[in-house]
Amino acid sequence: MTKGKGFSVLVVLLTLTMLAAFAATAAAAPALYNLRIMTAGDKPPDQQSVFDAIEAKTRNTLNVKITVDYIPWGDYIEKVRLMSAAKEKFDICLTFSGVASEAFNRQEMIPLDDLLKQYGQNLSKKILPSNWVWAKSADGKTIAVPCQYAKDGIYTTLVVRKDLRVKYKLPEITNMDTLGRYLDAVAKNEPKITPLLGGSIQAAVVHELERLYDPVIDYGYQGQGYFIGFWETKGADACKVKNWYADKRAQTCNKMGADAMNRGWYAKDLNAGIQGYDQTAIASGLVACLQMDYYNFNTIYNNAKQTNPSFELEWALINKGQPVPAETCNNFSQVSATSGDPARAVMFLDWIQASQDNYDLWYYGIKGKHYTLSSKGDVVYPAGSISTALPYAPTPWYFRNYMMDRAISTDCDMSKTAQEYWKNVKVLPLPSTAAFVFQTKDFELEITQLNTIIAQYWNDLSNGVLQGDANYQKFLKELDNAGMPAILAGMQKQLDAWRAAHK
Amino acid sequence: MQQTCAANNPALASQEIQRYGGEDGDLAMNQIKRRGVFQELYGNRALYLMIVPALAVLITFAYVPMYGIQVAFRNFNATGGVAGSPWVGLKNFMFFFKSMFFGSLIFNTLFLNFLFLTAGLIMQVSTAILINEVLSKRYQKVLQTAMFFPYFLSWIVVSTLVWALLSDSYGLLNKILAFFGSNGVVWYKAPNYWPAILTVANVWKGMGYGIVIYLAKITGIDQEMYEAARIDGANKLQEILRITLPMLVPTVVLLILLGIGNMFRGDFAMIYQLTGDNTTSGSLRSTTDVIDTFVFRAMRVNGQYGLSAAIGLCQSLMGLVLVLVTNGLIKRYDKELAIF
Amino acid sequence: MRRSVLLRTFDVLNVVYLTGIALLLISPFLLVLGTSFSTEKSIMLHGYAMWPREFSLDAYRFVIRGGAIFRAYGVSIFVTFVGTLIAVLITSMAGYAISRRILRYRNAVALVFYFTMLFNGGIVPWYIMVNNMGLRNSIWVLILPICFSPFLMLLIRNFFQTLPEAVIESVKLDGAGEMRIFLQIILPMALPGFATITLFYMLSFWNDWWLALCFIDKEALFPLQYLLRKVLSSTLYAGMGGMQSKMNVGTAPTESAKTATSILTIGPIILVYPFIQKYFIKGITIGAVKG
């Protein structure tokens, strides 16, 4: 009798142990998680096949099922803000440099330091520290994952009409002087062409100024694209916050802008803001020189080929070869506070950077189906693919890491050259105060007012639409009325406190 | 005796109104007023029930969410939500009131809305009356349809058209002016013209909508009145002035009152698109920046819902005050013309 | 009776004036129409044109690509049809009720309705509530939140107020109930009013994209306006060269697509308008009812 009973107990124990082991292994592979990503844009073709491939590939590790919500560009920020306020569940979203910290302050997004330490090894390895600087909150927490673009010289790259330059026997454009001669020639001889499309000169000017004026400067706050305060990091006035618009640098901008306008380089209603023909303007023959970034060279090139094959476009850069200052990141990914599994979200972001295969899968699609690789490792799309209908293109593009990017065989030469240049360009070190973030909480009214005044005057002052010392003085006076002294004082106080804490 | 009858039989009561009419009608009304609440509701239950579906929709989608008005007094964050975010009292309101643009924003909003309302009214009423005078009914319909098309174009598209018209280098208007020997104007840098430009655009867009309303009203006017007037020897102008216009007065008053309620709300979509987000072309700010465009810009610095809620609440309150005053004044003149 | 010389002059001048205004109002639309059939190249070189210099269907091909647009038309038509039906019914009932002078609380009710035109609780609680009602991704979310407009109710009340109370009461004495009176007497007499709010509701349902933006993720339920807005926004941003992937959207016909979108937006609704116009006729005269 006892023998039989003992035997049954043994069987029960064995079964229990087996069940426990089963449960343990089941717990080790995570349950399938529905990852919801928000992005701006329109759904491109054949996304689902790539998502399915990712789900299959990560079944035993990451185990995510991806869904992407596509929101129209104009409504994107508002929609995401609304979703956060209504506590709707989503995991990852696209965000921008100003928006990221505001969203974090409103507790819509979570800090990522711990999660990155645990699950973000590839991210920390492959994204340069100089980019992480821009993804911090005022008290140093990491609040977003930067999208790592190559230096693209967005503020300084110019596209010009080579055929015009050759026509007037002008040398290659490499500095302000040669640019000036080109633009003068166009202004004088081509009445139907506007030499320069709005805002461009300031780009070159700023780059030139950085060469003319030493030491390195840092800007305290750059909301909506406008500087407010700045300080020099070396020299007698180091770390003293000053009004940028009262400084000689801004005044040089103003003079150069007035000069440009008087030499006929601009349209008279510059900055009307409704140009309409922005990038296509050069391909259609309306302008002779355009400021842009190299990401859109293919756009311009294709436009020109279609519209005016006789145009030859070339890329010009003021002070080519010189080291460039580090640029702010523009796009980031953030993890929502309403996410059901933030760890999984970070793991996913990490997964994309983990290997070239993963990156290729996300960015170019399924090898063999959507693209093939040339012998050089360039991406080759099927013959006859047109740019508006690629076999696959990822709308959540903002996980980009230019070091893992492949060249695309159909890129125009201009684009390839520029890409090579910017990949290898030397970048100046960040100013020592780069990590400082100005807290705007107590200055919202002043900043809004300043932005309004600056918008009203500065675009016109820096482009020669408004000229003369009287106007400039009026602008400075209105800035003071709008609260400039209060902001400068506040910025100085915060900067001093920050420096004391970061000795 | 009469009172009891009136209380129990609404039909009889109405008969009494008809019989008495005028002041005596009011007398009967007073007698009806002395009925209790439940008697009123029960007595006219069919009519009150007809209100219920609309009221249900309104309560669900408009009244229930009104608890969100408190956001105006809070510093909204995502964790706290509507009821849990920290209370800051009037701080969000101060943002607007302390702004150095406070005066010009209010002026621009009111001034532009006044222009839109007046110009729109005059154009719509006059055009509706004139269309009605066209002899061919078919051509009337053609005209009406043609005037409706602007409604379908979004401001995004219209802004491109306006730029094609007013651009300094490529614009049509300057080319026309050049033909007449003038130097042309750099329209996008000349703020003083823009109230007029915006008014034209606003009237242009709303023509079809307004004309439909007034034409619908005009067709409802009893033809016998015109015939009687013609027999009495009235000419066309007198017909219009003595019959048509007075019949349109209730509708005009209604639309004016509604317009007054919205006096403090700027037409954001139009102004934002046509002036190119007058941030970029800040040169137009002095005459085109309204409360709503300012709030939009402020929300870009810090997109905290409390801010927009506070300013929205101000706009509503100020509009309410205006409406109460105007509605009250109108009531003294003729009770039926008022909204409430 | 022959019209006098003065009157005939007036007629001619009137037609000339009105035609001029009509042309001013319709010509921008014709400009958009013509541009939508132009090649992008001719637009860039010569600007908008009423008659395309170079004819092309590229813009339409670009916007319609994928064919999702046909389903979107279906969604919009259904929503407009059903929504307008519901809306006109409940709005006219309410508007009629508060136009009746025997209703003691009509002004209080009118105030309750009008109040919501001035005050609203903001977008966040409204959004939360609609989500909580479980309406997300259902076709009813495109109808219910906008199936009643206090403005249109006040408007139709305005039409009802010109109807004589006498007629209504005399019919009531014959024993008719309020609903029957409403359907059999009021409706025919106030046809222009009904036609007006029917038209306006149809336009409001047809043009709405905001509800879809907030509450619809399922592609099968996208209404037309939302779909077009998505296409348009990605086109505009591609044209402006937002820092997207090197997606090479070089040949997107930006300007012509913008205009093609506008034309596609209008679609069937323009056919509805003449249909509604039929009802802008004199209602049955009072005399007919009295007799």
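In this predicted model, the contact between chain B and chain A takes 42 residues from chain B and 41 residues from chain A. Together the two chains bury about 3500 Å², and carbon and sulfur atoms give 57% of that area. Across this interface there are 10 residue pairs in polar contact, counted where both residues have pLDDT 80 or more. Three elements of chain B give two or more residues to the side that touches chain A: α10 (155-166), α15 (268-274) and α17 (291-301). The largest share, 6 residues, comes from α17(B). By class, this side of chain B has 16 nonpolar, 19 polar and 7 charged residues. The interface of chain B and chain A holds 1 salt bridge, in which the side chains of Asp460(A) and Lys189(B) meet at 2.9 Å, N to O.

Chain B also meets chain C, with 92 residues of chain B in contact with 93 residues of chain C. The area buried between these two chains is about 8600 Å², 75% of it on carbon and sulfur atoms. Met50(B), Phe61(B) and Phe152(B) supply 9% of the area that chain B buries against chain C, more than any other three residues. The count of salt bridges between chain B and chain C is 3, and that of residue pairs in polar contact, both at pLDDT 80 or more, is 17. Helix α5 (residues 45-63) of chain B gives the most to the side that touches chain C, with 14 residues. That side of chain B comprises 64 nonpolar, 17 polar and 11 charged residues.

| Chains | Side chains in the salt bridge | N to O distance |
|---|---|---|
| B and A | Asp460(A) and Lys189(B) | 2.9 Å |
| B and C | Arg101(C) and Glu336(B) | 3.9 Å |

Chain B itself has 18 helices and 0 strands. Of its 340 residues, 53% count as buried. Among contacts in chain B between residues at least 6 apart in sequence, 64% join residues at least 24 apart.

In chain C, helix α13 covers residues 254-266. At 1.5 Å a residue its 13 residues should span 18 Å, and the end C-alpha atoms lie 19 Å apart, which agrees. Since 13 of the 13 residues of α13(C) are buried, this helix is largely enclosed by the rest of the structure. Just after α13(C), Gly267(C) takes a positive phi of about 40 degrees.

Technical notes
Residues are numbered from 1 along each chain as its sequence is written. Chains are lettered from A and ligands numbered from 1 in the order in which they are written. This is a predicted model: local features need pLDDT of at least 70, side-chain atom pairs count only at pLDDT 80 or more; totals for chains, interfaces and linings use all residues. Side-chain values use heavy atoms; hydrogens and water are left out. Helices (H or I, at least four residues) and strands (E, at least two) are DSSP runs, numbered from the N terminus. The expected span of a helix is 1.5 Å times one less than its number of residues. Buried means under 20% relative accessible area, exposed over 50%, partly exposed in between (1.4 Å probe, protein chains only). Contact means heavy atoms within 4.5 Å. Buried area is the accessible area (1.4 Å probe) that two parts lose on being put together, summed over both. A salt bridge is a side-chain nitrogen of Lys or Arg within 4 Å of a carboxyl oxygen of Asp or Glu. A polar contact is a pair of N or O atoms within 3.5 Å; within protein, one must be able to donate a hydrogen and the other to accept it, and residues adjacent in sequence count only if both atoms are side-chain atoms. Ala, Val, Leu, Ile, Met, Phe, Trp, Tyr, Cys and Pro count as nonpolar, Asp, Glu, Lys and Arg as charged, and the others, Gly among them, as polar.
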